[in-house]
Amino acid sequence: MSTIDKINQLRKERDAVILAHYYVDDEVQAIADYVGDSFYLSKIATMVKAKTIVFCGVFFMGESAKILNPEKTVILPDMGADCPMAHMADIRKINEAREQYKDLAVVCYINSTAELKTYADVCVTSSNAMKIVKSLPNQHIYFIPDENLGRYIASKVPEKHFIFNDGYCHVHTSITAKNVNIVKGIHPRAQVLVHPECTMEVIALADYVGSTSGIINYVAESRNKEFIVCTEMGVLYELQLKKPKKRFYDAGQKQCSDMKRVTLEKVADALEKMENVVELEEGKRLAASKPLERMLELG
Ligand code: SF4
C-alpha cells in the first residue's frame, strides 16, 4: 500500500482532518484537507467536525488548535518541528513594561508558544494586526515576539507608542534588500511581494505587503505576470496551482527547516500510532485562550 493510500485509510478510521500550512512540502499540502496560513487554519480547526486534527506545521500551531479545541485530539507529524521565533520573548521585560506603563497592552503575534500567549492581552496575525491594534483603547503597545512585524504595524499606527521585542524569523530576515534589488535588476517587470516578518528595508521595496494568504490573493487578482516572492517559498505550491502561467522568483531566502520536517511518512506514522498528541495543562490552556478569543472577536 502506498503512503498516500495508508494516510487515506487511516484518516477515515481515526475520523481525522489534515490541516497543512503553506510552508510545508508540496506533497504534504497536496494530501491535506485544508491548506492555509496560521490564522485560517486556527479558524478552520474550530469549525471541523472530525475528532482528530493532524496539524502539518510547527508546534505552536498544534498548540493553538488545542487551545481552541480542547475536546479534540490534536496530533503533530513531528513533535520536534518548532518555530524558534515563537519562544523569543522575555517574561521579565514584559512584566517590567507592565509596571512602567499602566495602560499597556501586550499584543502577541499568533506565531508564539502557548506560554507566551498567557502573558498577552490579545493575539494578532499578520493579516489582522493593524485593525486590532487600532481598535485597542490602550496607548502603549508591547509587541511580541516579532520585532519586524511590530515595526511594520507601528509604521501604520503612528498614533500609538510601541515597545519592541527583539524576536525575529530567521527565514524572513534572510531576505536582504540587496538581493531583492539584484533579482529586480534581472526581472524589472516583476512586482515585489513581501511578508511583514521581513525587515523594514525589504518592506520599503515592496509593491505589496501582506500575509501569505494576502500574497496569494494579490497574485490571483493582479494583472502582473511576474513576482519576486519574499516569504518562505513553500507558498509557491499554492501560487502555481492558482496561477500556473505566472512567473515567480525567490530572493535567495532560506527554507524553514522546521516546516520541512513534516513528511508524508510522518503523517502516516502519526495517524497510525496516535502518539504525538498535543497536551496542555488546563490552567495554561484557559489563560492562552483569552487573547486568542479576543483576537477572533476583534479581528
Ligand atoms: S517561517 Fe519563520 S516564523 Fe514561520 S515557522 Fe519558520 S521560523 Fe517560524
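Okay, V267 to start with. Leaving out its neighbours within four places in sequence, V267 is in contact with I7, I18, V28, I31, V54, C56, P77 and V262. Keep in mind that this is a predicted model.

So where does that residue sit in the bigger picture? The largest nonpolar core has 106 residues, and V267 is listed with I18, V107 and C230 as having the most contacts inside it. The strand that gives the most to this core is β5, residues 104-109, with six residues. As a general point, nonpolar side chains in soluble globular proteins tend to be buried together.

Zooming out to the whole chain now. There are 14 helices and twelve strands. The radius of gyration comes out at 19 Å, close to the 19 Å from the globule rule for 299 residues, so the chain is as compact as a globular protein of that length.

Of the 299 residues, 55% count as buried. If you take contacts with a separation of 6 or more, 62% of them come from residues 24 or more positions apart. The chain exposes about 13000 Å², with carbon and sulfur atoms supplying 49% of that. On charges, we have 38 positive and 40 negative side chains, and the centres of those two sets lie 6 Å apart.

Next, helix α4, residues 59-68. Why call α4 largely enclosed by the rest of the structure? Because nine of its ten residues are buried.

Last stop, M130. You'll find M130 in helix α7, residues 129-135. Is M130 buried or partly exposed? With 26% relative accessibility, M130 counts as partly exposed, because the cut-off for buried is under 20%. Not counting residues up to four places away in sequence, M130 touches I153, K156 and V157. Take V157 out of that list: M130 and V157 are 27 residues apart along the chain, and their C-alpha atoms are separated by 7.2 Å.

How values were computed:
Residues are numbered from 1 along each chain as its sequence is written. This is a predicted model: local features need pLDDT of at least 70, side-chain atom pairs count only at pLDDT 80 or more; totals for chains, interfaces and linings use all residues. Side-chain values use heavy atoms; hydrogens and water are left out. A nonpolar core is a set of buried Ala, Val, Leu, Ile, Met, Phe, Trp, Tyr and Cys residues joined through side-chain atoms within 4.5 Å. Buried means under 20% relative accessible area, exposed over 50%, partly exposed in between (1.4 Å probe, protein chains only). Helices (H or I, at least four residues) and strands (E, at least two) are DSSP runs, numbered from the N terminus. Contact means heavy atoms within 4.5 Å. The radius of gyration is taken over C-alpha atoms; the globule rule is 2.2 Å times the number of residues to the power 0.38. Accessible areas come from the Shrake-Rupley method with a 1.4 Å probe; for residues, only the protein chains shown count as cover. Lys and Arg count as positive and Asp and Glu as negative; His and the chain ends are not counted. The place of a charge is taken as NZ of Lys, CZ of Arg, CG of Asp or CD of Glu.
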